[in-house]
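Here's a quick briefing for anyone meeting this structure for the first time. Have a look at the model, then read on.

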Amino acid sequence: MDLEVLKFGGSSLATSTAMQRVGDVLIERKSVQRIVVCSAMGGMTNALLQLGAEAASGQALFHEPLAAIRTRHLDVCQELTLDEHAPFVQQELLQMFDELEEFCRGLNLLGELSPKSSDHMASFGERIAVAMVSAYLSHRGLSVRRVDARSWISTDGQHGNANVQLDSSLPAIVQGVESDLSFDVLITEGFIGSGPDGSTTTLGRGGSDYTASLIARAVQANCMEKSTDVPAMLTADPRIVSAARIIDTMSYEEAMELCHFGAKVIYHPTIAPLKEAGIPLIVRSTFESTHPGTLIVSKPKEKAVVRGLSSVSDISLITLEGGVAIARSGFSRRIFSSLAQRQVNVIFITQSSSEQSMTIGLSDEDLDAALASLHEELEADLVLGRLSPIRVDSDLSIVALVGEGMASEIGLSGKAFKALGDREINIRAIAQGSTERNISIVLGSSDVDVALRALHRVFFEPPTRRLHLFCAGLGQVGSALLSQLQDAQERLLEEDVEMRVVGIANSSTFHLNESGIPLNSWQTCLQEGQPMTTIEEAQKEFAAMRLDRSVWVDNTASSEVAALCLKNLETGISVVTSNKIAATGAQQDWERMVLKGHPNNARFLNETNVGAALPIIKTLRELKRSGDHVLRMEAVLSGSVNFICSEMDEGSSFAEAVLLAKQKGFTEPDPRLDLGGVDVARKLLILAREAGDQLEMIDIENLGFLPKAAFDGTKEEFMMNLKKWGSGLQQEFDDAKRSGLRVRLIASWQAGSCRIEMQRLSVDHPFYGLKHSDNALAITTQRYSEKPLVIQGSGAGAKLTASGVFSDIYTLLPGK
């Protein structure tokens, strides 16, 4: 027989559109006869079991959910426009719904839902789906033969998870198929079978896959294809690992390991019958049926070291300790026999080589039964002290690495453990089978997502150096930074570098996207973002993502945002900031941010706090690292004030110069924030601390150059009276000009003394020629004692500041 077996899951049958796509797939492949195995419509098995529970509750609560189930199926039938087939399938469906209603009435009278009744209830999902799909395929012109799976699949009487009797089922399938080969498509139900007493049984969740594989084995099909809602088997769960990619081919053994440890694409017992018969299994999407998907065979052409990652949640560990008892011959047999009697499935086993302890991993749902079994079996050992009290650890998960090539790969475990260690993930237990095809790692459930991303990055992703950025503050500097990041994307990719912006926030809204926010439409993303009361809400969600190499970028002037710097650093998130508030808080906080080590080697970088993009802070740090000692510093630190001074040198009045500086964007909306010297004082404090001094803001002597009254009232009042407030400074400039001098706002530091004041400079002073928005710093050190080291350049402007922030971010890349 030249046959193929296709299995369509619930997602492939969930709507009329999905069913139409199933029809398209089968018509496209009409040249080969196919046996089609159907699940129930998506979500229907749960809905039916819930219906049964409500019916058995003894109250008349089942009518409404029953009506919803009936309506859903009949609506899909109507949408399929079955023409001449419509009356027949609708009549059959109504008969089944009448049967279902009568069954619910019976449950309601009994007030009980037994496993046997649950199986009968659940079977309606597959039976109704097959009736609908069969009618639709006939409507599309295919020759369809329909078979009740219960006539082929014989099981034991274990309702809810019945075991198939292969000796009778396989011959029945062969005989049933060969009895009439005049079909394009033979369609039958998955999941259901018939027990010894003729009652309907079910094969457990995923049983439809198993039905399809048994049929494929029986008829020696060319292949079995599982048609689902994902394009193929993937290297990891794409809901957790956005970089997960398609696995082109894999072995039966690899597929079984991945499915056993949580990969839900295939029900893992499905693979064994196919492996025994050497029948290839193809996994691909119903909606991308031309895609090759994943081919599962005996020997893939390419052997992978690690083929994929998977995880199982809701795991508990039971640990038995006590060398006297555990080392005895037959102890393991006692344990596993006892657990088997309670039908406890052991997922994970590890034992110390000293035979002092044994750890068993199992599902949380089996924990109570397992503990009861062990306490009963080991009662004497526990009472006599041959065993320590049984220890239980819960809220755990297993992450598994699977691959045929692991057996020959040296250092693979070390790579995995390093990846997890770098993310500060605590490993609770480890196991590896003698086939070396699987490494199972038990860890806290809260660490699973981070662990999968870290392992995937090490084993599957190209060596791209990636940073995950959250950008707080989207004003002039923040928006300029996003623009620069967008412009640099192509160049960075050529360097195998990705700076992925995963979060943005202004003062009222934030938006997060682990896959990255499109930088050409970040404004739209922000409009669709989440409202927030405080920025801390956004920080908590960003931190909860636990992304590798996370960076918090602060381009605000907010004390609230600045207050989060320490919190970020202490959770392993680096901070890059143009906001000076964090670095000018208490000395002890500055030391904790800058001098103390942090998890994940997180760093605090604030180059743009002084001089925009000028390499001032970096130079001071490198001088200290080289062993030099800073003796004195003298600086012009306000680009806006220097612009005003430069314009007054050229003959502009104070009022004219301030208005021009504000127009060009060199000042804050309220220019008093620049003219009051507070900004300069913050910068000077930062420099003094970088030089090794221990000072607070209160230690800065700021003499000021405007009358104190200028800082009273509103900014509008200040702007209206610029001539009045600047009269004293205007006189100072006029007097200096007559003497051939220039006036600049000078910030100076020397051994515990910080001072800010307007000074007259002679022509030989290094700052005499400063113009426009330039900043300058003269550093006198033990090595630069005769002639100071001078750093000079433009120190204001959003684009320049953004480029300095960009440079700090770049510094955080691995290998920098």
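What is the volume of the second largest pocket? The second largest pocket comes to about 1,300 Å³. Keep in mind that this is a predicted model, where local features need pLDDT of at least 70, side-chain atom pairs count only at pLDDT 80 or more, and totals for chains, interfaces and linings use all residues. Residues are numbered from 1 along each chain as its sequence is written, and side-chain values use heavy atoms, with hydrogens and water left out.

**The pocket**
- A pocket here is an open set of points on a 1 Å grid over the protein atoms alone, where a 1.4 Å probe fits, with protein on both sides within 12 Å along at least five of seven lines; lining residues have an atom within 4 Å of a point.
- Its volume is the space filled by probe spheres set on the points, which are joined across faces, edges and corners.
- The lining of the second largest pocket has 49 residues, and Val477, Thr556, Ala557, Lys580 and Glu668 lie nearest the centre.
- Helix α26 gives the largest share of that lining, four residues (helices are DSSP runs of H or I, at least four residues; strands are runs of E, at least two; both are numbered from the N terminus).

**The sheet**
- Seven strands make an open, mixed sheet in the order β20-β19-β18-β17-β21-β22-β23 (two strands pair if DSSP finds at least two bridges between them).
- The edge strands, β20 (530-531) and β23 (604-605), each pair on one side only.
- Strand β19 (residues 509-512) runs antiparallel to β20, over two bridges.

**Around Arg603**
- Arg603 sits in the loop between α21 (587-594) and β23.
- The C-alpha atoms of Arg603 and Thr811 are 10.0 Å apart, though 208 residues separate them along the chain.
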